Amino acid sequence: MAANATKCPPPMKATSNGLFQGDDPLHYALPLLIIQICLVLLLTRGLAYLLRPLRQPRVIAEIIGGILLGPSALGRNQKYLEAIFPARSLTVLDTIANLGLLFFLFLVGLELDPPSLKRTGKKALSIALAGITLPFALGIGTSFAFRATISADAKQAPFLVFMGVALSITAFPVLARILAELKLLTTDVGRMAMSAAAVNDVAAWVLLALAIALSGTGSPLVSLWVFLCGFGFVFLCILGAPPIFKWMARRCPEGEPVDEIYICATLAAVLAASLVTDTIGIHALFGAFVIGVLVPKEGPFAGALVEKVEDLVSGMFLPLYFVSSGLKTDVATIQGAQSWGLLGLVIFTACTGKIIGTVVASILCQISFKEALTLGFLMNTKGLVELIVLNIGRDRGVLNDQAFAIMVLMALFTTFITTPTVIAIYKPARMATSEYKHRTIQRKESSTQLRILACFQSTRTVPTLINLMEVSRGTGKRGGLRVYAMHLMELSERSSAILMVHKARNNGIPFFNKDRATDSTQIVVAFEAFQQLSHVSIRPTTAISPMMSMHQDICSVAESKRASVIVLPFHKHQRIDGHLETTRAEMRHVNRRVLECAPCSVAILIDRGLGGAAHVSASNVDYTISAFFFGGPDDREALAYGAVMAEHPGIRLNVVRFHVDPKVAGGAVKVDVGDPGAEARSSDEEFISCFKDKVSKDGSIKFEDTVVKDAAEAVEVVRAHKSCNLFLVGRISEGELAAALKKKSECPEVGPIGNLLISSELSTTASVLVVQQYRSQLTGHSLMSLKEDDATETNTEDYDSE
């Protein structure tokens, strides 16, 4: 006994006394764990950055990072392995990694919506079942080849089931990320893939529970007892947990902070459920997953849980699980033609089973071959769930080191090929090359329908947006106003991005469709009330993208919906003291890219509360709109929009056209405009002539020609109109006065006049709409102003805060 005790390494103490006391931090648990975490984060984030051009999900970088840190690469150096990942530190590392895994599985469960599974159509169900059955059968067949060669000692029944499960899994969270990156979430293929993957995910957990029950060391009767106890636990949770969680959710009203006691109680329930399932003999992660599935998805409660848990778990602790797997993966064990042949066999059977099963079922469901093949490759996505299955199999002694390494490489390969293959074989029909006439508000056929793509990020801008729609509908004689309301949702690296999938699945369906939409949010209520009280047709849609590529979604939807104008939210919002402050700096990049690439006219809305915090009914609309005309296509477009608004009986439009006093022409404000300027002035005169004809017939429009000596007088004229409700201006005005005003260019994307109207020197509560007319290609100052350095933003912030 004493001899055996001396062979056991002493347990690591938690903290050291420091280098000055002669302690090596690498010999103590906490400093060593910190070093391990920092190394893992540095490597995995670096790999994720390198793989970003290949559009690979982050899980690929984390799996590769884990393998590189293990005995397959860096771990070949024994000094490194003994210093950074000594054997006695692995218990602490595994414990932290598995704790992170528990809460991540809770988040995965939180993202699975049982009611949506009930609504899964027959097509998706058939595709999911075919995508499970064939690879599961091929996995069982492959297991015989393994047992005949490298896994002769494995118990037959659990080994068959583990191999079947490993080959038939589809990683739901990873698939959602890939679809979002490829802009396929809202396509028919994307929706079908997500529905089938959700069914596949649930089936995989049931099969995994069976595999774990069979992998026990006891008799078959013990395995049956474990399986039945697991089902009993799930049944009791379904009976008892939902009423408690619904009670908690009811006590968390929209817009109010969620009480901390409910968050703590839920997290404690996750740990308690994990303890129960671990005690039963299934696995601790099952309890966490079940609790996540049972938490209600509506309301702020689920969102608060995700917000509290996900960053620490997904960003820091979960990569440790991949490292823990990588430390068990030794690619060097795959030696000889036999081992590499088995790797080729398992990759072939995994891909063949998934792809053929999915393709055949899809074709029988009248899906085209190209889309069916795309679905096959999408359903072949592996990921974290695959690693969980393999790690459990290895820990239970079902998979040896060599089989484990082969299966990890299979999971890595099948996930890696998904994105490039789908890009190569599936290019959904885009409307980017389609031609349509009405890309601007200014048009000859004044009776044609006006289509607006109105974008918003949060509920804050919705009231102003709805009131803008109200005044934009005119008399309704133009064929009506059609608005496509686009909710801009950022796709971040956070795991909760998958929650957006459920919202995106309602794309194109009215917000208030009682059969589908159960969320009673402020946005739903606002749009429902507006559509019912007005003659405006509203079609909802969602853009789920990283902020760096969100402009592509906006422009693509505008093209496909044949919009005449895109309305974008400004990246600043008004504070209580009246000054504008930056709330989403990334939105500035989006706006600039849309202005540059848009297939139609664009308007940036600087929101100062048009009409207050609620929708103003048509009979109560009483707004004064001031439009300033200096010259150029953007000013003409803004005035054309103003003419549409003036058709509304509650709108008074004041138009001010600026002229330079001929006596001072050629002074400080004179610029060399050349022949293009002369042509532009000719177009301006023609437009103004037609507009004045309209003014004579419409008493709600007041047109004023104003002569000023210089830019300072022009600013005074603008200041005299500050009591209006809305300013309407062109983004890049042309002419001598506009050239003089270009000195103030704090936010170039809204142009010189827009900058004047948002500056602190003009004290006003009026909202501002800055309009850019569509041109096939921007040139000159219109283009150059979008390329200016963002450093001007800092100057603006300093200026506004003074």
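Buried residues are those with under 20% relative accessible area, exposed ones have over 50% and partly exposed ones lie in between, as computed with a 1.4 Å probe on protein chains only. The structure is a predicted model, in which local features need pLDDT of at least 70 and side-chain atom pairs count only at pLDDT 80 or more, while totals for chains, interfaces and linings use all residues. Residues are numbered from 1 along each chain as its sequence is written, and side-chain values use heavy atoms, with hydrogens and water left out.

**View A. Helix α19 is mostly covered.** Helices (H or I, at least four residues) and strands (E, at least two) are DSSP runs, numbered from the N terminus. Among the buried residues of α19 are Asn467 and Glu470, along with Val462, Leu465, Ile466 and Met469.

**View B. Arg588, Arg592 and Glu749 are linked in a network of salt bridges.** Side chains of opposite charge can pair when their charged atoms come close; here a salt bridge is a side-chain nitrogen of Lys or Arg within 4 Å of a carboxyl oxygen of Asp or Glu. By this rule the count comes to 14 salt bridges. In the one between Arg588 and Glu749, the closest N and O atoms are 3.0 Å apart. Arg588 lies in helix α23 (residues 585-597) and Glu749 in the loop between α27 (736-741) and α28 (751-758), so the pair ties together parts that are 161 residues apart in sequence. Arg588 counts as buried at 3% relative accessibility, and Glu749 is buried with a relative accessible area of 0%.

**View C. Arg394 meets both Asp401 and the ring of Phe404.** The side chains of Arg394 and Asp401 form a salt bridge at 2.8 Å, N to O. The charged end of Arg394 also sits over the ring of Phe404, 5.8 Å from its centre, a contact that requires NZ of Lys or CZ of Arg to be within 6 Å of the ring centre and within 35 degrees of the ring normal. Arg394 is partly exposed at 23% relative accessibility, and Asp401 is partly exposed with a relative accessible area of 39%.

**View D. Trp247 and Tyr262 form an edge-to-face pair.** Rings of Phe, Tyr and Trp (its six-membered ring) pair if their centres lie within 6.5 Å, and planes under 30 degrees apart count as stacked, over 60 as edge-to-face and the rest as tilted. By this rule the count comes to 12 aromatic pairs. The ring centres of Trp247 and Tyr262 are 5.9 Å apart, with the planes at 90 degrees. Because Trp247 lies in helix α11 (residues 220-250) and Tyr262 in helix α12 (residues 260-280), the pair ties together parts that are 15 residues apart in sequence. Trp247 counts as partly exposed at 40% relative accessibility, whereas Tyr262 counts as buried at 10%.

**View E. Phe687 and Phe691 form a stacked pair.** Their ring centres lie 6.2 Å apart and their planes are at 25 degrees. Phe687 and Phe691 are four residues apart in helix α25 (residues 674-697), which means that about one helical turn separates them. Both Phe687 and Phe691 are buried.

**View F. Gln366 has a positive phi of about 60 degrees although it is not a glycine.** Gln366 lies in the loop between α15 (336-364) and α16 (369-379). At 69% relative accessibility, Gln366 counts as exposed.
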